[in-house]
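Thanks, everyone, for making time this morning.

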Amino acid sequence: MASHDWVGRKKIVITGSREKVSRPPGAEWWAERLGAEVVPRGRRTLAEVAEEHGAWGVLVLQAQRVVFYVPSEGLEYFYHPGMARRRIRAILAGQGDPMVTAMGLQPGDRLLDCTLGRATDAIVGAFVVGPSGRVVGVESVPVVAALTAHGLGSFDSGHERVNEAMRWVEVVCADNAEYLANVAPGAFDVIYFDPVFHQPVKKSSAMVPLRALADRRPLTAEVIELALAKAGRVVVIKQRKGTPLWQKVRPARVVGGRHATVEYGVFLPAA
Ligand SMILES: C[S@@+](CC[C@H](N)C(=O)[O-])C[C@H]1O[C@@H](n2cnc3c(N)ncnc32)[C@H](O)[C@@H]1O
């Protein structure tokens with residue numbers, strides 16, 4: 001779906017089936033972000049409440065976690081930081097990270113992630129730039145932005161330095177082109193895009209629920225130009241290996257392992 005598909009579809013916020021209160025604390029925060037209505041659940045099933053209210057999407061505030069369901073599509077989405085912990089451990093072990101290499105990311109850098117998703121990349125970026133740097137992540141789909149913002153603030157990865165990095169990422173719910181239009185030139189050293197691939201990478205089953213909800217509009221040459229006009233040092237775009245995008249917009253170089261399924265195009269702003 002494109003982010004605009006989100007607007008015309010009814011969303012509701014309910015409690016988990018075991019909760020006793022009908023308006024749990026925090027319900028308004030979620031309702032406002034999703035453009036949803038908070039409705040009482042009573043003893044009904046999720047599907048019954050959704051049907052009664054003609055709702056397409058149902059956000060369930062369970063005691064342990066928050067889950068977004070689309071009953072008609074069998075979709076269930078909740079926050080998880082993906083491979084962030086494994087990638088940070090690899091960096092700590094001196095094995096590096098191809099995204100960080102492509103960005104030339106350093107402590108103190110300011111990174112703008114224009115396609116935040118679950119913020120796996122942004123967390124790795126935050127770990128590298130550290131507290132003297134800054135990471136802002138832009139996500140256009142409200143439920144993805146809200147669940148990621150909530151997860152970044154509360155998820156326990158079991159690794160103190162990963163948790164720290166998660167808390168440093170700032171989340172903005174917006175279309176990246178609109179956000180970029182208002183960014184001062186040079187405000188970010190690195191501007192990054194990881195758009196939804198036209199064809200998914202088969203191994204990446206963790207991406208399936210996010211793919212279903214994500215804004216799948218392709219990245220345009222105009223947005224890349226805009227990013228190049230605003231980036232202080234570099235624009236990096238993640239793509240499937242062998243992407244036709246590099247024929248339309250030529251990167252200065254491409255970073256990626258020989259056996260990797262993805263690669264990073266590195267674009268340098270005009271001096
Ligand atoms: C492939 S996912 C990014 C995954 C992310 N790099 C991570 O590490 O979790 C792409 C995300 O960008 C979002 N997106 C796509 N187009 C966008 C746009 N124009 N503005 C803002 N977000 C966008 C999608 O909704 C989706 O959540």
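Predicted model: local features only at pLDDT ≥ 70, side-chain atom pairs only at ≥ 80, totals over all residues.

Let me start with Asp-215, which counts as buried because its relative accessibility is 15%, where buried means under 20% relative accessible area, exposed means over 50% and partly exposed lies in between, with a 1.4 Å probe and protein chains only. Residues are numbered from 1 along each chain as its sequence is written, and side-chain values use heavy atoms, with hydrogens and water left out.

Asp-215 sits in the loop between helix H10 (208-213) and H11; helices here are DSSP runs of H or I with at least four residues, strands are runs of E with at least two, and both are numbered from the N terminus. Its side chain makes a polar contact of 2.8 Å with the side chain of Ser-140 and another of 2.6 Å with that of Arg-217. By a polar contact I mean a pair of N or O atoms within 3.5 Å; within protein, one must be able to donate a hydrogen and the other to accept it, and residues adjacent in sequence count only if both atoms are side-chain atoms.

Asp-175 lies in the loop between S8 and helix H9 (176-181), and its side chain reaches the backbone nitrogen of Ala-177 at 3.2 Å.

Now to the ligand. Which residues are the closest to it? They are Asp-121, Glu-139, Asn-176, Asp-194 and Asp-215, out of 22 residues that surround the ligand, each having a heavy atom within 4 Å of it. By class, this shell has 10 nonpolar, five polar and seven charged residues, where Ala, Val, Leu, Ile, Met, Phe, Trp, Tyr, Cys and Pro count as nonpolar, Asp, Glu, Lys and Arg as charged, and the others, Gly among them, as polar. Helix H6 (120-129) and strand S7 (134-139) each supply at least two residues of the shell.

Turning to backbone atoms, an oxygen atom of the ligand lies 3.0 Å from a polar backbone atom of Arg-118, an oxygen atom lies 3.2 Å from one of Ala-119, and an oxygen atom lies 2.8 Å from one of Asp-215. Taken alone the ligand exposes 610 Å², and the protein buries 94% of that, with areas from the Shrake-Rupley method and a 1.4 Å probe; for residues, only the protein chains shown count as cover.

Most residues other than glycine have a negative phi.

Finally, by class, the lining of the second largest pocket has 10 nonpolar, five polar and four charged residues. Helix H11 (221-230), strand S10 (231-240) and helix H12 (245-248) each supply at least two residues of that lining.
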